[in-house]
Amino acid sequence: MNLPLSKANPKTVWAWSMSHKKVTLLILIAIGLGGYGIYSMFGSTMGAVKTTIGVAKKGSVISKVTGSGQVTAITQTDVTSNVSGDIDSVSVSAGQEVRAGDALARIDSKTAVKAVTNAELSVANAQIAYDKALKQNGDQADGSSVSDLRKAYEKGYDAVTNTFIDLPIMFIEVGNLFYTPAHSPYFSDTNVRSMSNGTDAVTYKYQAGVLFDKSKAEYDSSFADYKTLSANSDPDKIRAFLDKTYALLRDFSSALTGTYSTIDYINTRTSNPPSQIASDKSLLASYIGKVNADVASVSSSITAIEDAKDSSASASLSLKSAELTLSQQKDALTQAQQDLADHTVRAPFDGIVSKVVAEVGNKASVNGSIATIITKSQNVALSFNEIDAAKLVKGQKANLTFDAIEGLTLTGTVTDIDVVGTVSQGVVSYGAKISFDTNDDRIKPGMTVSASIIAASREDVVVLPSSLIKSKAGESYVSTPTGYVLVVTGLTGDSLTEIISGMNVGDQYISSTVSVSTAAATKTAASSLFGGAAAGGRTTGANATRSATKALGQ
């Protein structure tokens, strides 16, 4: 009775079915009962949603900023020449480590050496002139015992002293001539008029007497001041007394000359002059000589003082001039020495020679490149967009990896962030620099670096997976078994987000959902059922149900 359906064609099946109608009816009833069984068993779960529940916990949230850039030397300098000339020697090669001040190259310096020698000689001559001017100025200082001014004051005081030694006796003797009749009887007014046969001699006598009285009064006044004077008196006081003495001597000299002329006039007008006239004339002549000598001495002292003052001022000016010249010559020597030093080009800092341009025999020019030096210390230069740049702060730590050095990871610290961004094609970017916490000799300038910077972190806070937090109208929600819960979020990391409020530790949330398709389950069950029948198998309704359940993943 059984027909191998797997080998039959539709016509054969139809013919067989028509000739076995009862069997065919039973088969159709079985199929209907099997389909009803499947529906009864799975109909209530077809199209259901399968959910996974999670529980809020405490954890850490780390926010990172990533970027890429290049390794750069902290300092890179093209060392240039300050002078021009033939390059005599080059002392370094590329890759060589140097210290600050090490010679890199030397430029012909014959002319510079000669300039230094000449400048040294000029300084030596200027030093001699300065030393001489310094001594002279010291000698001419007011307090110096050998100064011309001090000597002039001493000479002036001596002149005054000599004058006041001479004057007392002269004033006494001349005073006797005018006011003591017994001293020179012929000099009375009556005898003068008689002997000269007129009044002219009396007039001359009166004129000489007035000058004598004036000079006598000046003497009396000056003598009082003289008694308070000494060689150690204030120089200005000595100078003032010299002027006063000079005036006194001039007046007294005029008085003596007038008196002598009056007596001589009397002598020439009388035929028998008394012998006293000759002795008085001789005395007066000697006094005139002394007074004139004193006048000359005092005048010379005054002139010496003024000249000495000029000498003192001149010595001071000469010292200043010599000091200025010496300073200028020293500056010239310093410049010559600097010029000579510039003929040796030296490293400005500790570092590594990255390139040498100079060659022996070539010409060096002013500001011409000799070599390039970089510091051994390096950092990383990166560029960030404006959103990431806003998260950067100096002192943040970073992990650094290198495209050229597999497996190498170093830590670094953010040291610099641009204050002003750079705009390129409408995009704003900000540069930042990261210093290495440790060095590695394998790292070279120009290498590409990837940086992961820890911008912020939160420890021991309530966290949820970032993917489960939904936003709408500026608010955040989390799906829970009882519905959606409004939450306030904090820091967002790579996968977790800080929950500030809305959920606590232990609160449940829906971590995932899976929708089961009815059509798919039915198709699977039917395929299994008919496929088994078509193959001539023995699959029953119960077996089909088990296959559908397996297909749904139950």
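Figure 1. Asp220 and Lys216 both belong to helix H6 (residues 200-226), where 4 residues, about one turn of the helix, separate them. Helices (H or I, at least four residues) and strands (E, at least two) are DSSP runs, numbered from the N terminus. This is a predicted model, in which local features need pLDDT of at least 70 and side-chain atom pairs count only at pLDDT 80 or more, while totals for chains, interfaces and linings use all residues. Residues are numbered from 1 along each chain as its sequence is written, and side-chain values use heavy atoms, with hydrogens and water left out. Asp220 and Lys216 form a salt bridge, their closest N and O atoms being 3.0 Å apart; a salt bridge is a side-chain nitrogen of Lys or Arg within 4 Å of a carboxyl oxygen of Asp or Glu. Asp220 is partly exposed because its relative accessible area is 39%, and Lys216 is partly exposed at 29%. Buried means under 20% relative accessible area, exposed over 50%, and partly exposed in between (1.4 Å probe, protein chains only).

Figure 2. The structure holds 14 salt bridges. One of them joins Lys244 to Asp225, with the closest N and O atoms 2.8 Å apart. This pair links distant parts of the chain, since Lys244 is in helix H7 (residues 235-269) and Asp225 in helix H6, 19 residues apart. Lys244 has a relative accessibility of 31% and counts as partly exposed; Asp225, at 35%, is partly exposed. The side chains of Lys397 and Asp437 meet in a salt bridge of 2.7 Å, N to O. Lys397 lies in strand E12 (residues 397-402) and Asp437 in the loop between E15 and E16, 40 residues apart. Arg239, Asp243 and Glu306 are linked in a network of salt bridges.

**Figure 3. Asp280 is a buried residue in helix H8.** Asp280 is placed in helix H8 (residues 275-341). Asp280 is buried yet has no salt bridge, and the nearest side chain of opposite charge, that of Lys281, is 11 Å away. For charge, Lys and Arg count as positive and Asp and Glu as negative; His and the chain ends are not counted. The side chain of Asp280 makes a polar contact of 2.7 Å with that of Ser184. A polar contact is a pair of N or O atoms within 3.5 Å; within protein, one must be able to donate a hydrogen and the other to accept it, and residues adjacent in sequence count only if both atoms are side-chain atoms. Leaving aside neighbours within four places in sequence, the contacts of Asp280 include Leu177, His183, Tyr186 and Ile263, where contact means heavy atoms within 4.5 Å.

Figure 4. The structure holds 17 aromatic pairs. Phe178 and Tyr179 form a tilted pair, 6.2 Å centre to centre with 45° between the planes. Rings of Phe, Tyr and Trp (its six-membered ring) pair if their centres lie within 6.5 Å; planes under 30 degrees apart count as stacked, over 60 as edge-to-face and the rest as tilted. Phe178 counts as buried because its relative accessibility is 13%, whereas Tyr179 counts as exposed at 52%. The rings of Tyr186 and Phe187 have centres 6.0 Å apart and planes at 65°, so this pair is edge-to-face. Tyr186 and Phe187 are both buried. One aromatic cluster includes Phe178, Tyr179, Tyr186 and Phe187, and among its other members are Phe164, Phe171 and Phe252.

**Figure 5. Strands pair in the antiparallel sense.** Strands of a sheet pair through backbone hydrogen bonds, either parallel or antiparallel. Strand E2 (residues 57-73) and strand E16 (residues 448-465) run antiparallel and are joined by 13 bridges; two strands pair if DSSP finds at least two bridges between them. Gln70 stands opposite Thr448 in E16. E2 also pairs with strand E11 (residues 378-385), antiparallel over 5 bridges, and Ala73 stands opposite Gln378 in E11. An open sheet of 4 strands has the order E3-E10-E8-E5, with antiparallel pairing. Its edge strands are E3 (76-80) and E5 (97-98), each pairing on one side only.

**Figure 6. Two loop residues have positive phi.** Gln425 is not a glycine, yet has a positive phi of about 55°. Gln425 sits in the loop between strand E14 (422-424) and strand E15 (427-436), and is exposed, with a relative accessible area of 82%. Ala473 has a positive phi near 55° and lies in the loop between strand E17 (469-472) and strand E18 (475-480). Ala473 counts as exposed at 77% relative accessibility.
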